[in-house]
Amino acid sequence: MNLQLLRGPCEQNILKFIKSRHRFTYSEVAEHCPGTKSEREIFLRSLLRDGIVKPCGREKNVRFYRYDPPLATVSGSADLETPAAFCPKGDEEKQIWKFIHDRIYFTIEDLASVCAVGAIRTRFVSELRRREIIREWGRSDGKIFYTTKSQQEAREHAKSMRATADGAIWITIRQQKKFRPIDIFAALSPARPDVSKDDILAYCRVLRAAGYLRPSARTRSRELQDDTSLILIRDTGPLPPQKKRMTVVVDSNEDKIVYAPGGRL
């Protein structure tokens, strides 16, 4: 079905409504979208048949659906996307939700970095899985990876991250494995003149501090320079590691951090 060729106002209203919802029911469509019952049912059945709408759970005998079109359906149309409208409760749940929503995929173990209370993590994730707000992304080395995103959203998110300066540097580092920052600059400058030597040095310093890079054995200077030989020792995938900042509360009397969002200390 070509969604760009919809003609009837009933079909257009239904599509606009379901695109604005994280999930919906048939009764909600009937309440918000003018038209006959027959028009609504025929159109929704066609969306289900074409894989544009998918079932996403049941609560108290009420069936929920979500708008999740295949990539081919949305090609060339920038306005067809599914916004997330889930509202967590409490600071801990908000921290977990922000963490998983900002990533293409995650593991349950990853959540310990944003919420120290295991019971809260378990309860919240169980609720998200029960509602089918998160779903399995894949498995590797005995770990299960989950995601909140549709296939289209995941592709767009990955594409946008790889298009950043850090993304371009990270891709080149993964290709070269052993390199100097000046080598990365030489490889990138023809296609990415916006990425400067300073950008590359700064990102390499972040990666080195985080344990992704180490100097080669013949490197004597501790300070990372343009010609420092580096080796990639931790390759976690195609998406660039990101440096993020957070606000904490420091007790000057005791000279220590007494609060960090999500219990991270």
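How many of the 265 residues of the protein count as buried? The share is 38%, where buried means under 20% relative accessible area, exposed over 50% and partly exposed in between, with a 1.4 Å probe and protein chains only. This is a predicted model, in which local features need pLDDT of at least 70 and side-chain atom pairs count only at pLDDT 80 or more, while totals for chains, interfaces and linings use all residues. Residues are numbered from 1 along each chain as its sequence is written, and side-chain values use heavy atoms, with hydrogens and water left out.

The protein has 10 helices and 9 strands. Among contacts between residues at least 6 apart in sequence, 53% join residues at least 24 apart; contact means heavy atoms within 4.5 Å.

Strand E1 (residues 53–59) pairs with E2 in the antiparallel sense over 6 bridges, two strands being paired if DSSP finds at least two bridges between them. There are 2 residues between E1 and E2, and Lys60 in the turn has a positive phi of about 50 degrees. Within this pairing, Lys54 has Arg66 in E2 as its bridge partner.

Arg66 is also among the residues touched by Arg135, along with Phe145, Tyr146, Thr147, Thr148, Lys149 and Ser150, when residues up to four places away in sequence are not counted. Arg135 belongs to strand E3 (residues 135–140) and is partly exposed at 22% relative accessibility. Its C-alpha atom is separated by 6.6 Å from that of Thr148, 13 residues apart along the chain.

Next come the aromatic rings. Rings of Phe, Tyr and Trp (its six-membered ring) pair if their centres lie within 6.5 Å; planes under 30 degrees apart count as stacked, over 60 as edge-to-face and the rest as tilted. By this rule there are 4 aromatic pairs. Tyr26 and Tyr65 form a stacked pair, at 5.0 Å centre to centre and with 25 degrees between the planes. This pair links distant parts of the chain, since Tyr26 is in helix H2 (residues 26–32) and Tyr65 in strand E2 (residues 62–67), 39 residues apart. Tyr26 is partly exposed, with a relative accessible area of 31%, whereas Tyr65 is buried at 12%. The rings of Trp170 and Tyr212 have their centres 5.8 Å apart and their planes at 85 degrees, so this pair is edge-to-face. It too joins distant parts of the chain, with Trp170 in helix H8 and Tyr212 in the loop between H10 and E6, 42 residues apart. Trp170 is buried at 0% relative accessibility, and Tyr212 is buried at 12%. Ring pairs also link Phe24, Tyr26 and Tyr65 into a cluster.

In helix H9 (residues 181–188), Pro181, Ile184 and Leu188 are buried. They lie on the same side of H9 because they cover an arc of only 55 degrees around the axis, the arc being that of the directions from the helix axis to the C-beta atoms. Their cover includes helix H8 (165–176), strand E5 (178–179), helix H10 (197–209) and strand E7 (230–232). Between H8 and E5 there is a loop that holds Lys177, a residue other than glycine with a positive phi near 70 degrees. Lys177 is partly exposed, with a relative accessible area of 40%.

A nonpolar core is a set of buried Ala, Val, Leu, Ile, Met, Phe, Trp, Tyr and Cys residues joined through side-chain atoms within 4.5 Å. The largest has 18 residues, of which Ile169, Ile173, Phe179, Ile184, Cys204, Leu207 and Leu213 touch the most other members. H8, H9, H10 and E7 each give two or more residues to this core, and H10 gives the most, with 5 residues. Leaving aside neighbours within four places in sequence, Ile173 is in contact with Phe179, Ile184, Cys204, Leu207, Leu213 and Leu232.

An open sheet of 3 strands has the order E5-E7-E6, with antiparallel pairing. E5 and strand E6 (213–215) are the edge strands, each pairing on one side only. E6 and E7 are joined by 3 bridges, and Pro215 has Leu230 in E7 as its bridge partner. H10 lies across E5, E6 and E7 and runs at about 95 degrees to E6; axes are lines fitted to C-alpha atoms, for helices over the stretch in contact, and angles run from 0 to 180 degrees between N-to-C directions.

Notes:
Helices (H or I, at least four residues) and strands (E, at least two) are DSSP runs, numbered from the N terminus.
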